[in-house]
Amino acid sequence: MTSENTLVDKALFPRLVVKSGGRVLREIEIRGNLSIGRAEENDLQLMDPKASRQHAEIQREGLSFQVRDLDSANGTLVNGVRLTAPHVLRHGERIGIGDTELVYQEPGQAFKDTMPLAGVAAAARESADRRVPPPPGIDQARGPRTMSPGLSTGLILGGVLLLLALVAVAVYIVAPDFYERIGLVSPASPTAAPLAATSAATLPPAETPTGAPAATAEPATSEPTGGEAQETADLLTQAEALTRRSKFEDAEAIYEELSTRAPEDARPEAGWAWALILDDRAEEALPHAERAVELDPEDAQAAAVLGRASLDLGDPAEGLLFAQKAVDLEPANGLALAVLAEAHMANGQMNEAVNNADLALVQDINNAEAHRVRGWLYHLASNDMGRAASELQIAAGLQPELWLRRHDLGVLLLEAEDYVTAIMALQDALAIHPKGITYAAIGEAYYRLGQYDQARASLEQALSFDPEDLDAQALLAATYAHLNRCEEAETYYEQVLESQPDDPLALEAEELCQAGEPVPSPSPTVPSAAGPTPVATQGAATASASQPTARPA
């Protein structure tokens with residue numbers, strides 16, 4: 001366990017220095033047992049995809065501390081050696097968990113930035129032992145030492161040469177024409193340079209082979225200076241960070257300013273499109289992605305973004321075309337490979353999809369998009385819901401402030417009929433960034449649980465975001481029918497059946513209302529969408545013949 005506020009001197013406790021990519025991320029004191037892993041309930045949570053949820057533990061044993069592995073998937077290393085049993089920690093030893101390094105620091109000891117391997121340390125000690133001790137009295141005062149004759153001669157010659165150089169400089173300053181008179185320097189005309197410049201300036205324009213004057217030198221074009229280019233790069237980085245934090249309006253303002261300032265630069269348009277895609281606004285993203293590709297047809301990132309926008313708009317052929325182009329332009333681009341995997345998945349080519357998703361993770365293990373696509377592939381291609389949920393949890397851990405990662409996880413759990421946990425994940429998404437599709441997904445989860453009052457409240461919120469959402473209208477019609485509020489149900493199912501005559505939920509609502517039998521609403525067993533996220537309790541869920549209304553983003 002750890003504690004932040006204490007009256008005890010911090011120097012009395014050992015520390016773990018958490019490092020990743022060569023950078024120190026944080027320090028944490030060890031005052032008792034310390035659990036380490038990717039799950040939030042750990043005392044030290046690691047946002048490392050290679051870490052297990054409960055990966056390792058440090059335990060206090062008397063005055064010492066020992067580390068043990070908790071049967072993690074990738075193992076725990078100490079000084080590069082994989083643990084097979086608990087290990088008592090010593091000052092400066094390094095614990096390796098995935099790509100994260102934890103350096104153990106004893107109280108009052110200086111930070112050790114390096115820890116030699118056991119073999120190197122032993123060799124160093126052995127070498128020290130073999131060192132010949134100095135003879136007695138070697139450090140005592142010695143008598144006066146005399147300078148060698150060779151060294152004395154060298155110093156005298158150096159002094160003479162330095163004196164001659166100083167005399168030559170003095171003569172040049174006092175009589176600058178002396179060296180010309182004795183022939184050491186050639187005389188130069190003081191007007192040569194001005195005449196050359198004047199004649200160059202008065203030369204007639206050169207003639208081209210056709211007799212037309214050659215183009216005169218134009219002033220430099222308004223290319224971005226070094227400072228402007230750096231400012232643009234900084235603003236792009238800032239906008240990307242805002243997007244990952246679901247601050248889409250702020251990110252869009254930056255992209256709009258950059259697009260106005262540098263209308264021929266494809267990067268702001270591509271970034272703008274990607275922000276809109278992550279905000280579930282693919283229709284708005286499409287023209288920006290098309291503009292980015294038009295400005296720079298060789299930009300793999302722009303092609304990948306256009307491919308993703310096409311996929312989100314239900315055009316798998318176009319999505320595959322641009323995703324493949326992006327990979328052809330830059331085969332090691334992780335985003336391009338992830339979009340190509342999703343395009344293959346949308347076209348029913350599951351083997352190609354899996355291969356490209358795996359390759360995307362090989363190129364960048366911290367690619368949240370690749371983890372998201374791989375998760376859906378585990379579900380759709382392998383029917384492995386456990387690994388699918390794990391991949392989407394990793395994506396959410398990599399980008400914890402991006403609402404879409406929590407939403408994706410909730411939709412996956414909804415399809416797995418784990419409705420209670422789905423509601424929790426979706427409520428987390430709402431807390432980050434309220435969206436109509438998230439309210440609709442929560443409404444469906446409540447509906448499947450038979451909690452019709454909560455379903456109604458969530459679905460009404462969904463329609464306040466998008467009144468034309470036919471899926472939410474159909475689900476709300478069925479919800480009203482189960483609540484025996486058929487006048488309101490009729491308004492919605494008639495609108496849906498006019499556009500989608502075979503919609504199963506609208507037909508269900510119509511059938512319930514025409515039967516005229518009230519359907520009681522069960523008592524609530526899960527929290528409402530507007531409430532705080534509780535601790536998960538796995539409840540029984542009933543299967544439904546109809547598919548969930550929310551689709552994977």
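Me: Which residues of helix H15 are buried?

Reply: Buried means under 20% relative accessible area, exposed over 50%, and partly exposed in between, with a 1.4 Å probe and protein chains only. Helices (H or I, at least four residues) and strands (E, at least two) are DSSP runs numbered from the N terminus. In H15, the buried residues are Trp403, Leu404, Arg405, Arg406, His407, Asp408, Leu409, Gly410, Val411, Leu412, Leu413 and Leu414. Because 12 of its 13 residues are buried, H15 is largely enclosed by the rest of the structure. This is a predicted model: local features need pLDDT of at least 70, side-chain atom pairs count only at pLDDT 80 or more, and totals for chains, interfaces and linings use all residues. Residues are numbered from 1 along each chain as its sequence is written, and side-chain values use heavy atoms, with hydrogens and water left out.

Me: Which strands are joined by bridges to S11?

Reply: Two strands pair if DSSP finds at least two bridges between them. Strand S1 (residues 15-20) is joined to S11 by six bridges, and the two run antiparallel; here Val18 has Leu102 as its bridge partner. Strand S10 (residues 94-97) also runs antiparallel to S11, with four bridges, and Gly96 is partnered by Glu101. The hairpin of S10 and S11 has two residues between the strands, and in this hairpin Gly98 takes a positive phi near 60 degrees.

Me: Is S11 (residues 100-105) mostly covered or uncovered?

Reply: Strand S11 is mostly covered, as five of its six residues are buried.

Me: Which residues touch the most other members of the largest nonpolar core?

Reply: In soluble globular proteins, nonpolar side chains tend to be buried together. A nonpolar core is a set of buried Ala, Val, Leu, Ile, Met, Phe, Trp, Tyr and Cys residues joined through side-chain atoms within 4.5 Å. Here the largest core has 54 residues, and Leu377, Tyr447 and Tyr493 touch the most other members. A second, separate core of 48 residues includes Leu235, Ala273, Ala323 and Leu361.

Me: How many helices and strands does the chain have?

Reply: The chain has 21 helices and 11 strands. Of its 553 residues, 40% count as buried.
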